[in-house]
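Thanks for asking me to look this over. My notes follow as numbered points, so please keep the model open beside you as you read.

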Amino acid sequence: MKSFEELLGMTDPETRGKFQAACQDIFRTPSGRVVMAQMVQARHPLAFPQGATVEETLVANGQREVVATLFRFAQNNHTL
């Protein structure tokens, strides 16, 4: 199974660079920081959520992976 970052095309350096620049442009603004803080509060990238069902747990882990990806790419020194 491919990782979320692979599905986004992050194995291509040009695609990765454009995506990282876009994340930095968005999440380094005051509004972007508010959005990121709310996403991290809802699904912290380092948490391991447990749902009431297997399906809820899988959805929560997918949400967590999305937040983690956006957080990583908003940083200066992201590497794949």
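1. Let me begin with a term: a salt bridge here is a side-chain nitrogen of Lys or Arg within 4 Å of a carboxyl oxygen of Asp or Glu. By that rule, the whole structure holds 2 salt bridges. Please remember that this is a predicted model, in which local features need pLDDT of at least 70 and side-chain atom pairs count only at pLDDT 80 or more, while totals for chains, interfaces and linings use all residues. Residues are numbered from 1 along each chain as its sequence is written, and side-chain values use heavy atoms, with hydrogens and water left out.

2. Helices here are DSSP runs (H or I, at least four residues), numbered from the N terminus. What about burial? Buried means under 20% relative accessible area, exposed over 50%, and partly exposed in between (1.4 Å probe, protein chains only). E5 is buried, at 7% relative accessible area, whereas R72 is partly exposed, at 34%.

3. The side chains of E14 and K18 also meet in a salt bridge, at 3.2 Å from N to O. Both residues lie in helix α2, 4 residues apart, or about one turn of the helix.

4. Next, the aromatic rings. Rings of Phe, Tyr and Trp (its six-membered ring) pair if their centres lie within 6.5 Å; planes under 30 degrees apart count as stacked, over 60 as edge-to-face and the rest as tilted. The structure has 1 aromatic pair. F19 and F73 form it edge-to-face, with 5.2 Å centre to centre and 85° between the planes. Because F19 lies in helix α2 and F73 in helix α4, the pair ties together parts that are 54 residues apart in sequence. F73 is buried, at 0% relative accessible area, while F19 counts as partly exposed at 23%.

5. Helix α3 is worth a look too. Its 13 residues (30–42) should span 18 Å at 1.5 Å a residue, and the end C-alpha atoms are 19 Å apart, which agrees. That expected span is 1.5 Å times one less than the number of residues.

6. Which residues of α3 are buried? They are G32, M36 and V40. These cover an arc of only 70° around the axis, which puts them on the same side of α3; the arc is that of the directions from the helix axis to the C-beta atoms. The buried residues pack against α2 (13–27) and α4 (54–73), with contact meaning heavy atoms within 4.5 Å. On the face turned away from the buried side, α3 carries the exposed residues P30, S31, Q38, Q41 and A42.

7. Not counting residues up to four places away in sequence, T57 touches P49, Q50 and G51. G62 also lies in α4 and counts as partly exposed at 31%. The C-alpha atoms of G62 and F48 are separated by 11 Å, and these residues are 14 apart along the chain.

Definitions and conventions:
Helices (H or I, at least four residues) and strands (E, at least two) are DSSP runs, numbered from the N terminus.
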